[in-house]
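Open the model in your viewer and keep the selection tool ready.

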Amino acid sequence: MDNDLKSYSSVQKWIRNVNQMFALSESEWNDRLQVLAEFCAHVGKNPDEIIEDALEEKGQKVDFMRRLREASKLKFRDPVRAHEWQNVVRSFFIHNGARVVVRTYPQGTT
């Protein structure tokens, strides 16, 4: 995957939409982009592929949310930190039109 996540249209859209509301600093974006990069690596897809799949089929989006929870639990023991990490990726989905809710997604095969 390309190391420059900012080259993906879905990431550009996310940054543009969030900055219209919050005008995050470069440092804040670097932290968020690192989270997204880790999630992309976990699912083996680039940001544009993730959004395309999530918008194409609801089941795919649900699977991504399960895998997001899985990745955060592997990374953090603290559930609060895990939840905050997940929120970054959920923001990415939401700002690209893939509505997600915070809920327990049943365990599935990944």
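Select Trp14 and Trp29: both are buried, where buried means under 20% relative accessible area, exposed over 50% and partly exposed in between, with a 1.4 Å probe and protein chains only. This is a predicted model, in which local features need pLDDT of at least 70 and side-chain atom pairs count only at pLDDT 80 or more, while totals for chains, interfaces and linings use all residues. Residues are numbered from 1 along each chain as its sequence is written, and side-chain values use heavy atoms, with hydrogens and water left out.

**Aromatic pairs**

Rings of Phe, Tyr and Trp (its six-membered ring) pair if their centres lie within 6.5 Å; planes under 30 degrees apart count as stacked, over 60 as edge-to-face and the rest as tilted. The count by this rule is 7 aromatic pairs. In the pair Trp14 and Trp29, the ring centres are 5.0 Å apart and the planes stand at 85°, so this pair is edge-to-face. Trp14 belongs to helix 1 (residues 9-22) and Trp29 to helix 2 (residues 26-43), so the pair ties together parts 15 residues apart in sequence. Helices here are DSSP runs (H or I, at least four residues), numbered from the N terminus.

Next select Phe92 and Phe93. Their ring centres are 6.1 Å apart with planes at 85°, so this pair is edge-to-face. Phe92 and Phe93 are both buried.

**Helix 2**

Show helix 2, which has 18 residues and reaches 25 Å from its first C-alpha to its last, close to the 26 Å expected (1.5 Å times one less than the number of residues). Colour its buried residues: Trp29, Leu33, Val35, Leu36, Phe39, Cys40 and Val43. They cover an arc of only 155° around the axis, which puts them on the same side of helix 2; the arc is that of the directions from the helix axis to the C-beta atoms. Turn to the other side of helix 2 to find Asp31 and Ala41 exposed. The cover over the buried residues of helix 2 includes helix 1, helix 3, helix 4 and helix 5, contact meaning heavy atoms within 4.5 Å.

**Helix 4**

Finish at helix 4 (residues 58-75), whose end C-alpha atoms are 26 Å apart, in agreement with the 26 Å that its 18 residues should span. Among its buried residues are Phe64, Met65 and Leu68. The buried residues of helix 4 pack against helix 2, helix 3 (47-56) and helix 5 (79-94).

Key: Helix = DSSP H or I, 4+ residues; strand = E, 2+ residues; numbered from the N terminus.
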